[in-house]
Amino acid sequence: MSKIRSESAVVILARAQALEAQGRPVINLGIGAPDFRTPDNIVEAGRQALADGWHGYTPAKGIAELREAVVEDLHRLHGASVSADNLLVVPGGKPTMFFAMLMLGEPGIEIMYPDPGFPIYASMVGFSGATPVPIQVEESTGFSIDPDKVLSQITDRTRLLILNSPGNPTGGVIGREEMDALVAGLADHPDVYLMSDEIYSRIVFGDAEFVSAVEYEEIIDRLILLNGWSKNWAMPGWRLGWGLWPNSLIEGAETLQINANSCANAAAQVAAIEALQGPQDSVAEMRNAYEKRTSYIADALDALPGISCPRPRGAFYIFPNISGTGLGSDEFQDRLLDEADLAVVSGTSFGAHGEGHIRISCAASMGELEEGVARIERFLSG
Ligand SMILES: Cc1ncc(COP(=O)(O)O)c(C=O)c1O
């Protein structure tokens, strides 16, 4: 237990709430949850499911109709032909990574993960006893990956490589060229599993193309695909996600599910079918709002002295470089909250390579973002 970590975004959120309770007008741009409500048609499907008696356990892997709906979606969007037998519906995105680490992590092996990246990767790798090997996600690549560099970090002890696109906290999207090169290089490392965290898959901006790892048939026997409903359909509190597992791991993952959860929430599973098969206009509206907000705030911050802000290509975060202000990331985060009542998250919360950056979540209203920019401007000039 001494090796497991929490998410610092949660810690800063608690500090922001404590200040708010003292009557301070805090604006919170730290949270990584959509500010939208779940679309009405999905809520109605969940309500109806409860009225219809979806009160019992479902099969551990999830109800068949939902798993088929996910398989159809992967076929329609990515031309993938995968089997519903390899799908495990779980309570959120996190259980898939938890199960992967429990099955693959152990002392003596290495697990590579993006840094800066979602903090739970490093936490879980450490918890499993495996050696964490950070892959530096660099601003110079638009926060994508450099496939040659990643491949050069693989050793005889590497068992799992984690990727995340669109990425938290950077908004980076891994392009087709990079994925092609990475997958081609993985042919020389047949024992390395890939876990691709695609939880922001429907939140991609402008001409950026989302490339799913499921498009690469040659690695399907060692691919763990992680996705879910929390971000794309604004359903984080419903706790629903899925993992696509290779034949060698699906049985173990199912057994872990039986031990940990029995199954995912039944009514939420029914609602998730509606999310996949019902109208998608709300998804497009949310995506457009995130794009408008992230580009507004990236431009506004870019104009401030000491800050440069690359435009994100997906997800709903921006990850400005604040090193020109002369402040370290932790100090910037702490002082911004204490002196300007604005909560953002230090880049170091996402790994050592996040130093020099802060993460701002654009899952907030335009009014809050405008006020946030004004507070940063005042903070820097004061
Ligand atoms: C990259 C990434 N993966 C997974 C998750 C976990 O999602 P869930 O809330 O569905 O467990 C998050 C949530 O912030 C995330 O940012």
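Helices, of at least four residues, and strands, of at least two, are DSSP runs numbered from the N terminus, and it is in this numbering that α3 (64-78), β7 (223-228) and α10 (281-302) each supply at least two residues to the lining of the second largest pocket. The model described here is predicted.

**Largest pocket**

- The largest pocket has a volume of about 540 Å³, and of the 30 residues that line this pocket, E7, G32, K94, F118 and K231 lie nearest its centre.
- Two or more lining residues of the largest pocket come from each of the elements α1 (8-21), α4 (94-104) and α5 (119-128), with α1 giving the most, namely 4 residues.
- By class, the lining of the largest pocket is made up of 16 nonpolar, 8 polar and 6 charged residues.

**Second largest pocket**

- The second largest pocket holds about 350 Å³ of space and is lined by 22 residues, among which L77, H78, S201, R202 and F210 lie nearest the centre.
- Helix α3 provides the largest share of the lining of the second largest pocket, with 5 residues.
- The lining of the second largest pocket divides into 11 nonpolar, 6 polar and 5 charged residues.

**Enclosed cavities**

- The model contains 3 cavities of 30 Å³ or more, and the largest cavity has a volume of about 110 Å³.
- Among the 15 residues that line the largest cavity, P114, V137, F143, N164 and G167 lie nearest its centre, and the lining as a whole has 8 nonpolar and 7 polar residues but no charged residues.
- The second largest cavity, with about 40 Å³ of space, is lined by L163, N164, S165, I174, M179, S196, E198, V211 and A213.
- In the lining of the second largest cavity, 5 residues are nonpolar, 3 are polar and 1 is charged.

**Cysteines**

- The structure holds 0 disulfides, and for C309 the reason is one of distance, because the closest cysteine sulfur, in C362, is 8.5 Å from the sulfur of C309 and therefore too far for a bond, given that a disulfide requires two cysteine sulfur atoms within 2.5 Å.
- C309 counts as buried because its relative accessibility is 6%, and C263 likewise counts as buried because its relative accessibility is 11%, the cut-off for buried being under 20%.

Key:
Residues are numbered from 1 along each chain as its sequence is written. This is a predicted model: local features need pLDDT of at least 70, side-chain atom pairs count only at pLDDT 80 or more; totals for chains, interfaces and linings use all residues. Side-chain values use heavy atoms; hydrogens and water are left out. Buried means under 20% relative accessible area, exposed over 50%, partly exposed in between (1.4 Å probe, protein chains only). On a 1 Å grid over the protein atoms alone, a cavity is a set of points where a 1.4 Å probe fits but cannot get out, and a pocket is an open set with protein on both sides within 12 Å along at least five of seven lines; lining residues have an atom within 4 Å of a point. Grid points are joined across faces, edges and corners, and a volume is the space filled by probe spheres set on the points. Ala, Val, Leu, Ile, Met, Phe, Trp, Tyr, Cys and Pro count as nonpolar, Asp, Glu, Lys and Arg as charged, and the others, Gly among them, as polar.
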